[in-house]
Amino acid sequence: MSEKILYSYTGIFDTPDEVTHAAEEAVKQGYTKYDVNTPYPLHGMNKAMNLPPSKLGYVALIFGLSGALGGLLSLWWVSAIDYPLVIGGKPFFSFPAYIPVIFEVTVLSAAIATVLAMLFFFFKLPNNAHPLHATDYMKKVSVDKYGIVIQADDPKFDEASVRKFLERVHAKEINAVYWVEEEITHKHKIFEPKFLTFLLVVVIITSGTTYFSLNKLMFMLPFNWMMEQQKQNPQQKSLVFADGFGMRKPVEGTIARGFLPYEFQGQPDLAGEKLINPIPISKESLQLGQTKYDIYCSPCHGYQGEGDSRLRGQFPNPPSLHSEKVRTWSDGRIFAVLTDGQNIMPSYSTQLTVDERWTVINYVRALQRALNAKESDLQ
Amino acid sequence: MISSSVEYQKKELPSKVQTIGLGLLLVGLLIVVLGYVVNPERSAYNNIIGLTFLISIAVGSLFFVAIEFLSGAAWSTPFRRVGEFLSSTVWILPLLFIPLLLNVNTIFQWTHPAPADKTLIDKAPYLNVSFFVVRVIGFWLLWLLFYYLMIRNSRKQDQTKDQHLTKKNIKLSAIFMPLFALTISFTAIDWLMSIEPHWFSTIFGVYYFSGTILAALAIGAIFIVLLNERGFFVKGIHTDSYYSLGALIFAFTNFWAYIAFSQFLLIWYANLPEETFWFLARWEGNWKFFSVGLIIVHFLVPYIGLLSQPSKMNPKRLIFMSGWILFAHYYDLYWLVMPNFFKEEIPFSWIELGFPLLIAGLIILVFYYQAKRNNLVPIGDPKLKRGIDFRL
């Protein structure tokens, strides 16, 4: 063992009043680097030690406010800008609905920041090597005694006078605490085989447990209660219905929301007579019609409707939309083609809603007009 | 080490207090009587606000005393007498509810429901005049009983120093607590919610309770800090006790906001016309500004004003914020009552000043006479020494 380096002098008291008095005296003596250790927080100790008010409140305030602001901004971005959804007929930015979430985020960020700041900033953890660790002093003051420590790096520290001071305030068991040689010189190595083995074992255990519980455990009795339920899954044979089908057809005459049945099935001429285009021609409706036309119609009919398919002969080319026949058809007649299909053209009633079909027809009319402009259009 | 005896020298309150109290009382009384002559209906509405405000202070203070016994709190023991004196205003509640009981037919719509109004006819088994009167008087007698029993024990202890009296009061407090919860909820429903009998909110009782306890704590804090700064209590009381008081006021400020917002959020979300019309009435015309003002006056200002630790220990700040909260509670009650009668415009004139002045005068006078006859500190209480030595 080399020369021991003095860390501090410690004194032990039996009652909280004595240690509070000792702390007050230490302040009077002008000691600055000293500390008091007690088994539980002592009321009035902050004042006795003349400690400034804790700064922890500011951490809570700053992180609480930034949590509130962050919560508000993310809610605003998510529900009013990035993915606006109508919920309960409320405006996209509806502040009352945000308040509970903002409150939660505020509390969460303030609490986490306070705990982390307390542990790692104010308490300076992790501190693996402290001279007071593994001393008789620490054993006692963490059970039923009260202790004061006066550190050797205090500017007013002097062995004789500190000993005298501790005697004067009636401290018992006045001891010197020394740094252990190892605590000063020891360097923690990262690439120590023991540490690496430990890391590896942690990785294996955590990933193994995760794999086992997610992929195996859930299929074992009795943990399979979520995977194996007494219910009909899609495509399964039914034991209830006589025909054995698990998936049932809707009741006869069921109409999906927003869809009216088409009454001119197989009667395109009647449809041409009866149906009237309800969509007025406007910039918006023409633009929607163009978008839908370019997606669904142009692959075969071509962007200009001239029947110039982009499919390069792999599919029979359809006739031009600029023929006399199509130009003289009523809107309703074209609607019948879009809805029912014609020859090898399939029905587009599932791809295009009723309104979208009418906008496509408006767009086709615009294309026809562009190739067969009237004299009056030039004026 | 710990001495059980506490030095207490009883000091009389200056007679100036009596003069101020009497002056406020007379001016208030004059305005109230004039108001009842000029505009009896509007005065009756103000009377409801005044009554519920005084119930807040009287019964809330009794709650404060009871919760001290029940929780075994020591920090508030040196100040308990303030709560006891304030709760003695229970005696003068009839002064404010008898005029209303005489006018009950003109104030409350449910006393004479329209024949087609099925809602009110269905509610008639609860909302009828005779049951209403029974409830009002019954609740008052109940409060009076517990006030009498608990305060009698507390005063007897000054002479006998008998610790069993504290035990007795703990038991009484335990019985009083659930009765308090029920009576204060039904008081809120009877006097405040039934003004608009078609409307309902299940949290309304808690809403009124949150304001009640806040007002009781605030007026208690004013008396406690004023008297302690002038040395009317015992020596050695530290500002750490103010901190506890301020923290409690701060906590209940948040509690009020939490409850008020819960009530609003559910109604706003569900958006049902039978619930929303109550809030819409408070959002029409000038009431919109008054409603926004409620958030600022009742929550934001006290919240920011009492947020930091030093502000709870600063006597001047604590008195100011407590006065502010008393005003906020009156503002809150005004907001609950007045929009039911006045659409789109906020009534304010000399008639509205009568009841606040009258109640302020009553409270100061009652406090003065109570302080004259009794010790300002419960010197026989076994927790007193611990309360004086209270440190954070």
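The model is predicted, so local features are described only where pLDDT is at least 70, side-chain atom pairs count only at pLDDT 80 or more, and totals for chains, interfaces and linings use all residues. Residues are numbered from 1 along each chain as its sequence is written, while chains are lettered from A and ligands numbered from 1 in the order in which they are written.

Let us begin with the overall layout of chain A. It is divided into domain 1 (1-188), domain 2 (193-225) and domain 3 (268-372), with bounds that come from an automatic or database domain assignment. The C-alpha centres of domain 2 and domain 3 of chain A lie 59 Å apart.

Now look for the sheet in chain A. In what order do its four strands stand? The order is β2-β3-β1-β4, in an open sheet with antiparallel pairing. Helices and strands here are DSSP runs numbered from the N terminus: helices are H or I with at least four residues, and strands are E with at least two. Two strands pair if DSSP finds at least two bridges between them. The edge strands are β2 (34-37) and β4 of chain A, each of which pairs on one side only. From one strand to the next, the twist averages 20 degrees.

You can follow the pairing residue by residue. β1(A) and β3(A) run antiparallel and are joined by six bridges. Along this pair, A:Ser8 stands opposite A:Gln151 in β3(A), and A:Thr10 has A:Val149 of β3(A) as its bridge partner. β2(A) also pairs with β3(A) in the antiparallel sense, over four bridges. In β3(A), A:Gly147 is the bridge partner of A:Asn37.

How many of the six residues of β3(A) are buried? Five are, so this strand is largely enclosed by the rest of the structure. A residue is called buried if 20 or more other C-beta atoms lie within 10 Å of its own, exposed if 12 or fewer do, and partly exposed in between, with C-beta atoms placed from the backbone.

Next, turn to helix α6 of chain A, residues 159-168. The buried residues of this helix are A:Val162, A:Phe165 and A:Leu166. They lie on the same side of α6(A) because they cover an arc of only 95 degrees around the axis; the arc is that of the directions from the helix axis to the C-beta atoms.

What covers the buried residues of α6(A)? The cover includes β1 (5-13), α1 (16-29), β3 (146-151) and β4 (172-179) of chain A. Contact between two residues means that their C-beta atoms, placed from the backbone, lie within 7 Å.

The peptide bond from A:Leu221 to A:Pro222 is cis, with omega near -5 degrees, and A:Pro222 sits in the loop between α8 (193-216) and α9 (268-274) of chain A. A:Asn50 is in the loop between α2 (45-48) and α3 (56-82) of chain A. Its phi is near 55 degrees, a positive value in a residue other than glycine. Is A:Asn50 buried or exposed? A:Asn50 is exposed, because 11 other C-beta atoms lie within 10 Å.

A:Ser330 lies in the loop between α11 (324-328) and α12 (331-340) of chain A. With 17 C-beta neighbours inside 10 Å, A:Ser330 counts as partly exposed. The C-alpha atoms of A:Ser330 and A:Leu288 are separated by 21 Å, and these residues are 42 apart along the chain.

Finally, see where the two chains touch.

Note on methods:
Axes are lines fitted to C-alpha atoms, for helices over the stretch in contact, and angles run from 0 to 180 degrees between N-to-C directions.
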